[in-house]
Amino acid sequence: MSISVTSLPKEPPRFFRRGPSAVARLTFFGLISIALMFIDARFRTLETIRMGIATVVHPLQQVALVPGELLDGASEFFDSRDKLRSENEQLKSQLLIAGQAAQSAVGATNESARLTALLGASQAAQTKAQISKVLYLGRDPFSQKIFIQRGTEQNFDAGSAVIDGSGLIGQLTRVHPLLAEVTLITEKDFAVPVKIERTGARMVLFGRGPGQFPELRFVTNNADVLEGDVLLTSNIDGVYPGNLRVAKIVRVARGADTVFSKIECAPLAGVNSAESVLVLDRPTALTPRPAAEAAAAGDAKRRR
Amino acid sequence: MFRFPDSPLFKVARAEDIILPPSPWFVVLTLVVAFIANLMPLSGWALALRPDFFAVVLLYWAIHQPRWIGIGVAWLCGLLTDVVEANLFGQHALAYAILGFSAEYFHRRVLRFPLWQQSLHVLGLLIAAQGVVIVLRLMSGAALPSATLLLSSVTSVLLWPPLSALLQWPQRVRSLTD
C-alpha cells in the first residue's frame, strides 16, 4: 500500500483574494524603478517630484539633526576658557595676515583696473556672496555632496560656486526651499577649469570620487607643472568667478610610456570639514560671440 | 550548540505561538522612527558602521506582517530614501522592493528558525539588496566605493535579534512573558 504525498500548493487557494502575485508586483515596481533611474540619469526631469517629496520629508530631517545639535551645544558649553582664548588669538593673527594681504592687493587691483580700462574691456562687477551653514555631509557612499542651510530670503541659484575661507568647495547642484545640495570638487568627473597661479597656464581639474585626490588630465609631460603649484579658477567657463583658490599640486608623475602626466592635487578648502560656507553669485555673463565667428563655427559643425 | 542567553531581550514567539496582532499605528510609528534614525548626520566610520535601520524594520514587518507591508510599501519607502539621500532616483526603491519580495517569499520559512539563524537569512537578503544598489550605481557611472560599505549590512544583522524582541514586545500574550 502506498501513501501518496502531495506537496503543499505554492499559492494560496483562489478564494483567498490576495491581488496580483508577488512576482507580478515585483516586476511592476522593478520596471517603474528602472524607468525612474533612466529618466533621472539621462534627462533630469524629475526634479519637481524630488523637490516635493524633499519638502514633505524636511521636518523629519530637522528632527534627526536635533541629537547632534544637542551634543554640539553640550560640548560647546564645556569648552574650556583656555581653548577659547587660544582660538581667539589664532583668529586675530589670521585677521592681521589677511588684512596685510588685502592692503597689498589694493595696488594690484587699481593697476588691473587701469589696464582693463585701457583695453576697453568691461570691468567685472564685484561678486556678491551669501553665507550659509553646513547642515550635514551627504550619506551616499558613491558621491561627494554636502547639504547647506538656505534662509527663506536667500536667493540661491543652481550652478553657483561655493567656497570656504581657504578655497573652492564645489557647486550648488540642487536648491530646495530650505536647504541646498552642493556637489564637491572631489566628485567623480566633476570638472573645474583652472589655471596655475605661477604660470597662468589653463587646465581642467577633474574629481576622482571618494577618498581620492582630484587630478589634472591631459597635461603633456613637458608642461611646466611643479609640485606645490597653486591652482586658481580661470573663469573660462563663466560659471566660477575668476581667481578663487582651488587646489595645490601634491604629486606629479611623468611617465616615459605615456603622453600625459599624472598630476594629483589636494583641495585647499576644507571640502569635508567646513562648518560655514559662502555661496557666490554667478559671474556676469560673458560677452556673446561675434556674429561672423559664430556663423563660421556653425558652418564647421554642419560640415562635420 | 551556540545559543543566545535566555533573556527576554532575545525571546521571540515561535511560529506556532499565538500572539496579539500589532497595532497599525505601532507599525507606522516604528517605520517613521527608523527613517529618522537613518537621517542622522553621520560621516566617516560612524556612517560606515551605521546599520540601515529603515531596511531592518521594513524587513521585520514584511516578514511578520506580509499582508500589510509588501512590495509596494517597500518600494515607496525606498523612493523616500532616494530623495533624502539625493542619489539616483529609484535605486533604493528597486532594492527595497526586492527586499519586500524576498520577505514575502521567505516569511513562512524564516520564522521557523531561532533568532540567530533568522539573522543569517537577513544577512543574505540585505547583502543582496546592497549588491543591487552597487551594480546600479556602477552602471550609472559612479566610482566604486570602499568595501567598508558592506559593513552596514553586518551591523544591521546584529540589530536583528534585539530589534525583533523589541518590536514584538507589545504583541506578547501574558502566558508567554510569565
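## A walk through a two-chain model

From the N terminus on, the elements of chain B run α-α-α-α-α-α-α-α. That comes to eight helices and zero strands. Please keep in mind as we go that this is a predicted model. Of the 178 residues of chain B, 40% count as buried.

The run begins with F53(B), F54(B) and A55(B), continues through V56(B), V57(B), L58(B), L59(B), Y60(B), W61(B), A62(B) and I63(B), and ends at H64(B). What do these buried residues of α3(B) pack against? Their partners in chain B are α1 (24-38), α4, α5 (91-110), α6 (115-139) and α7 (151-168).

Now let us turn to chain A, which has four helices and 12 strands. Buried residues make up 24% of its 304 residues. Among contacts in chain A between residues at least 6 apart in sequence, 56% join residues at least 24 apart.

Chain A is divided into domain 1, covering 24-101, and domain 2, covering 129-280. Taken over C-alpha atoms, the centres of these two domains of chain A are separated by 18 Å. Five residues from domain 1 of chain A and five residues from domain 2 of chain A make the contact between them. On the domain 1 side of that contact, the classes are three nonpolar, two polar and no charged residues.

How do the chains meet? In total, 39 residues of chain A are in contact with 34 residues of chain B. On the chain A side, the elements giving two or more residues are α1 (22-42), α2 (47-77) and β1 (129-137). By class, this side of chain A has 21 nonpolar, eight polar and 10 charged residues.

One helix pair lets us look at the meeting of the chains in detail. The axes of α2(A) and helix α4 of chain B, residues 71-85, come within 9 Å and cross at roughly 85°. An angle from 65 to 115 degrees counts as roughly perpendicular, so α2(A) is roughly perpendicular to α4(B). From α2(A), the contact uses R50(A), I53(A), A54(A), V57(A) and Q61(A), while α4(B) supplies L80(B), V83(B) and V84(B). Sorted by class, this contact of α2(A) with α4(B) has six nonpolar, one polar and one charged residues.

N235(A) lies in the loop between β9 (230-233) and β10 (245-253). Leaving aside neighbours within four places in sequence, N235(A) is in contact with Y240(A), P241(A), G242(A) and P283(A). To place this residue against another part of the chain, consider S80(A): N235(A) and S80(A) are 155 residues apart in sequence and 44 Å apart in space, C-alpha to C-alpha.

Conventions:
Residues are numbered from 1 along each chain as its sequence is written. Chains are lettered from A and ligands numbered from 1 in the order in which they are written. This is a predicted model: local features need pLDDT of at least 70, side-chain atom pairs count only at pLDDT 80 or more; totals for chains, interfaces and linings use all residues. Two residues are in contact if their C-beta atoms, placed from the backbone, lie within 7 Å. Ala, Val, Leu, Ile, Met, Phe, Trp, Tyr, Cys and Pro count as nonpolar, Asp, Glu, Lys and Arg as charged, and the others, Gly among them, as polar. Domain bounds come from an automatic or database domain assignment. Axes are lines fitted to C-alpha atoms, for helices over the stretch in contact, and angles run from 0 to 180 degrees between N-to-C directions. Angles under 35 degrees count as roughly parallel, over 145 as roughly antiparallel, 65 to 115 as roughly perpendicular and the rest as oblique. A residue is buried if 20 or more other C-beta atoms lie within 10 Å of its own, exposed if 12 or fewer, and partly exposed in between; C-beta atoms are placed from the backbone.
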